[in-house]
Structure formats: C-alpha cells, structure tokens
Amino acid sequence: MREADEGMAMPPGPNDASRREFLAQVGLGACALTIAGAALTVLDFMEPKVLFEPPTEFKAGNIQDFPEGTVRFDEEHRAYIIGGQGGVFALSAVCTHLGCITRYHADEGAIACPCHGSRFDVDGNVVHGPAPRALPWIEVKADAEGNLMVDTSVVIPHGKVLKV
Amino acid sequence: MNGTPFPRIGLWVRESALYRSIVRHGAADTNRNRSLVIFENLFLHMHPVKVREKTLKFTHTYWLGAVTISAMFVLIATGILLMFYYHPSVPQAYRDMKELKFVVDNGVFYRNLHRWGAHLMVLGALLHMVRVFYHRAYRPPRQFNWVVGVVLLLVTLLLSYTGYLLPWDQLAFWGVSVGTNMAKEAPILGPPIRFLLLGGNIVSENALLRFYVLHCVLLPVALLGFLGVHIWRVRKDGGVQGPPEPPADPEVEP
C-alpha cells in the first residue's frame with residue numbers, strides 16, 4: 001500500500017529537479033543562440049558589399065612614351081609609371097609605412113614621403129626609414145599597339161620589367 | 001527661507017499642489033528633509049547626502065574629475081549645436097565646417113569651444129588618472145573603478161579621434177589614413193578592423209559617415225553608461241580618496 005501511494009503521488013524527486021535544470025539550460029541556450037545570431041548579422045551588415053572606390057585598373061599611355069629614365073606620377077591612381085632598363089614598370093606611390101602618398105623628386109632622383117620622411121629610390125627600394133618595406137611593383141600590361149594598362153591591386157615580383 | 005526677500009512667494013510656491021506633486025518633501029529645514037532633497041532627485045541622488053569636509057578641499061582631488069565632466073557637458077552642448085549645420089557627406093562636410101567658421105553667427109565660437117573642450121577633456125582625464133595614481137586611490141576596494149576609468153579614458157580618446165576626421169580637411173584625411181593604417185598592423189584582426197571601421201579600403205565617404213555615427217551616437221552613449229557606473233562606484237567604494245594618511249608609525253610602509 002505504502003509503496004503504491006508513493007508511486008502514484010510522484011513526490012518531488014531528483015528527476016524533477018534535473019528536468020527543471022534541463023529546461024532552464026534550454027532557455028539559456030536559446031537566448032545565447034539569439035544573441036550570437038544577432039551579433040553575427042550585425043557584423044555582416046556592417047561589411048559593405050558594394051564599394052564606390054576609384055577603379056584600380058587604368059590606362060597609362062603608350063609604351064613609346066617611357067624611354068629609360070622617365071618617371072611619371074599618376075596622382076589620381078597613386079602610382080608611378082617608370083621607363084626602366086629595356087622596358088616599363090610601375091610602382092605603387094602609397095608609402096609602406098602608414099599609407100601617405102609619396103612624391104618623386106626629379107632633382108634628387110628619389111621618391112620621398114611627406115608624412116614621416118621615408119625615402120625610396122626609383123626601383124622602390126627603401127633608402128631611408130621609417131618605411132619597413134620597398135614600394136610594391138604593380139602589374140603593367142601592354143596590348144598589340146603598346147598601350148599600357150596598370151592595375152594597382154596586382155602586386156608583381158620586384159624587378160619584373162615589362163620588356164619593350 | 002525667512003532670510004530671503006520674498007518669503008511669501010517662496011512659501012506660496014512650496015505649498016502649491018503643483019510643486020508638492022513634483023517635490024514631495026518640504027523645505028530643507030530639517031536633517032530629514034535635507035536628506036530627502038538628495039534622495040528624491042534623480043540627478044542629485046548620485047551624490048551622497050553627507051561627505052567629509054576635508055574631501056571638498058581643492059588639494060584633496062584637485063577637482064580633476066569635475067573638470068573632465070564639465071568639459072564633457074560643454075562638448076555635448078556645443079556638439080549638438082554643431083550638428084544643426086553639419087552634413088556628414090563629401091564634399092559638404094568641409095563646406096559646412098567653413099560655413100560654421102565664417103558665416104554662421106557665433107559659429108567660430110562654438111566650433112572652437114568644442115575643439116578646446118575636447119583638448120581639456122583629454123587633459124583632464126589624464127591628470128585625473130595621474131592624481132588617482134599618486135594618491136594610491138586605485139588600491140582595493142577601488143581597483144574595479146580604476147578599470148572603469150581606463151575604459152572611460154579609451155572612449156574619450158576614441159571620441160577625440162573620430163571627431164578629428166569630421167572637418168574633412170587635409171589634416172583630418174591624412175590623420176585618419178595614418179591612424180587606421182596603424183590599426184591595420186595588428187596581427188590577423190588588424191586588416192578586417194580597418195575595413196569595417198572605414199567601410200572600405202580607403203578613407204572615403206563611408207568612413208566619414210561611420211566616424212560621424214561613432215562620434216555622435218555610439219561613443220557618447222558608451223561614455224555616459226560607463227560614467228554612470230564610475231560615479232556610482234566612487235560612492236559605493238567609500239567616497240573620493242585623497243592623499244593617503246601618513247602612517248602612525250614612521251617605520252611602517254603605508
């Protein structure tokens with residue numbers, strides 16, 4: 001009799017407590033998932049999908065215009081197009097230190113940054129710090145007529161001159 | 001109120017139903033009512049009812065926290081005024097800054113007040129931190145409030161930095177180009193943080209808008225939140241601590 005009573009009345013036992021804990025954990029887990037989802041969607045939202053930035057590819061005249069020793073600064077696209085030994089190459093004009101725009105000084109034959117005084121030679125090598133790296137060489141392509149296309153977003157190995 | 005020239009008007013106001021519906025206690029004539037003045041006011045209740053007289057002395061704290069908060073209120077007021085004329089877009093931002101400087105009545109005054117206030121707030125926060133350090137007021141039980149204070153300093157510096165871009169002049173543009181390139185040098189997270197902060201790869205119109213929202217909404221809200229905790233903790237940690245007491249026994253390190 002006593003055993004049967006206990007079975008029917010279902011007094012609160014260890015199982016009930018663990019059920020309550022389980023439900024509480026499910027609830028907390030749902031809250032955590034919601035917060036994580038909200039955080040992820042906000043982070044995703046903050047990342048722009050379409051950028052109205054100037055194109056990285058641009059026309060840079062004809063290969064005939066760059067005899068050896070010519071240095072042309074393209075201010076809009078932040079690049080130098082340089083006539084080197086036996087061909088043409090292009091340098092990024094963005095200082096490798098903290099991103100200021102460098103200038104070519106023809107009288108000194110050097111590229112210098114106005115912000116913190118870094119200096120480079122016309123091959124982009126660092127002559128004077130604080131710039132930690134050489135100016136990157138960027139891609140130059142020529143079509144059949146010798147018209148040049150430069151892409152500032154494509155970095156090529158240092159010293160790879162486009163042969164005439 | 002008996003000493004004032006208009007005791008009757010004062011009495012009439014204080015006994016009116018309207019006044020008593022707002023302020024439930026009577027005149028601050030008893031200790032109980034003087035306490036209630038503080039307890040029952042949303043803005044005053046941050047402050048304790050009673051403080052030790054020595055804590056009010058200038059050399060106790062040099063009032064540096066108060067200087068910083070005062071600068072913050074000046075910055076909020078002048079900042080809201082500037083917002084009435086400023087568009088966070090290119091090239092309108094630069095034109096608006098010029099208009100504030102040369103066309104708007106008192107524009108140059110409020111713009112400069114905002115600028116000097118910003119310098120004062122950063123300076124005040126730094127000096128306040130130095131004062132707390134040399135008075136050893138960062139030690140238990142105030143160690144958590146020191147951490148809150150460091151967060152407040154960071155938010156203050158971020159406010160100063162985001163405001164720097166808004167005039168959209170050469171100084172602003174290159175200052176932010178250089179600063180965000182420093183952030184980019186951080187390992188792994190640096191480049192994505194710079195991209196999200198600028199809303200692109202270069203300092204552009206997106207960057208101007210993002211810095212504007214950070215400067216005018218997110219960072220001020222964060223500042224006020226942490227500031228509330230900071231002031232509340234000063235009270236809960238036993239009030240402001242000035243210079244440490246000299247030890248009773250000169251041989252013992254305090």
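Strands here are DSSP runs of type E with at least two residues, numbered from the N terminus, and helices are runs of type H or I with at least four. The model itself is predicted. By that numbering, A:P130 lies in the loop of chain A between strand 8 (126-128) and strand 9 (137-142). The peptide bond that joins A:G129 to A:P130 is cis, with omega at about 10 degrees.

Another loop of chain A, the one between strand 2 (71-74) and strand 3 (79-84), holds A:R78. This residue is not a glycine, yet its phi is positive, at about 55 degrees.

As a whole, chain A is divided into domain 1, covering 2-46, and domain 2, covering 57-163. The centres of these two domains of chain A, taken over C-alpha atoms, are separated by 63 Å.

Chain B also has a cis peptide bond, here between B:P140 and B:P141, with omega at about 10 degrees. B:P141 sits in the loop between helix 7 and helix 8 (143-165) of chain B.

Helix 7 of chain B (residues 107-134) packs against helix 6 of chain B (residues 92-102), with the axes 5 Å apart and at an angle of about 115 degrees. Helix 6 of chain B is therefore roughly perpendicular to helix 7 of chain B, because angles from 65 to 115 degrees count as such. On the side of helix 6 of chain B, the contact is made by B:M97, B:L100 and B:K101, and on the side of helix 7 of chain B by B:G107, B:V108 and B:R111. Sorted by class, the residues in this contact are three nonpolar, one polar and two charged.

Further along chain B, helix 10 (residues 190-198) and helix 11 (residues 205-236) cross at roughly 85 degrees, and their axes come within 7 Å. This angle makes helix 10 of chain B roughly perpendicular to helix 11 of chain B. From helix 10 of chain B come B:L196, B:L197 and B:L198, which meet B:N206, B:A207, B:R210, B:F211 and B:L214 in helix 11 of chain B. Six nonpolar residues, one polar and one charged make up this contact.

The two chains also touch each other: 15 residues of chain B are in contact with 14 residues of chain A. About 1,200 Å² is buried between chain B and chain A, and carbon and sulfur atoms give 66% of that area. Of the area that chain B buries against chain A, 35% is supplied by B:W174, B:V178 and B:L196, more than by any other three residues. How many salt bridges does the rule find across the interface of chain B and chain A? The count is zero.

How values were computed:
Residues numbered from 1 in each chain as written. Chains lettered and ligands numbered in written order. Predicted model: local features only at pLDDT ≥ 70, side-chain atom pairs only at ≥ 80, totals over all residues. Heavy atoms only, no water. Axes fitted to C-alpha atoms, helices over the stretch in contact; angles between N-to-C directions. Parallel < 35°, antiparallel > 145°, perpendicular 65-115°, else oblique. Contact = heavy atoms within 4.5 Å. Nonpolar A, V, L, I, M, F, W, Y, C, P; charged D, E, K, R; others polar. Domains from an automatic or database assignment. Buried area = accessible area lost by both parts, 1.4 Å probe. Salt bridge = Lys/Arg side-chain N within 4 Å of Asp/Glu carboxyl O.
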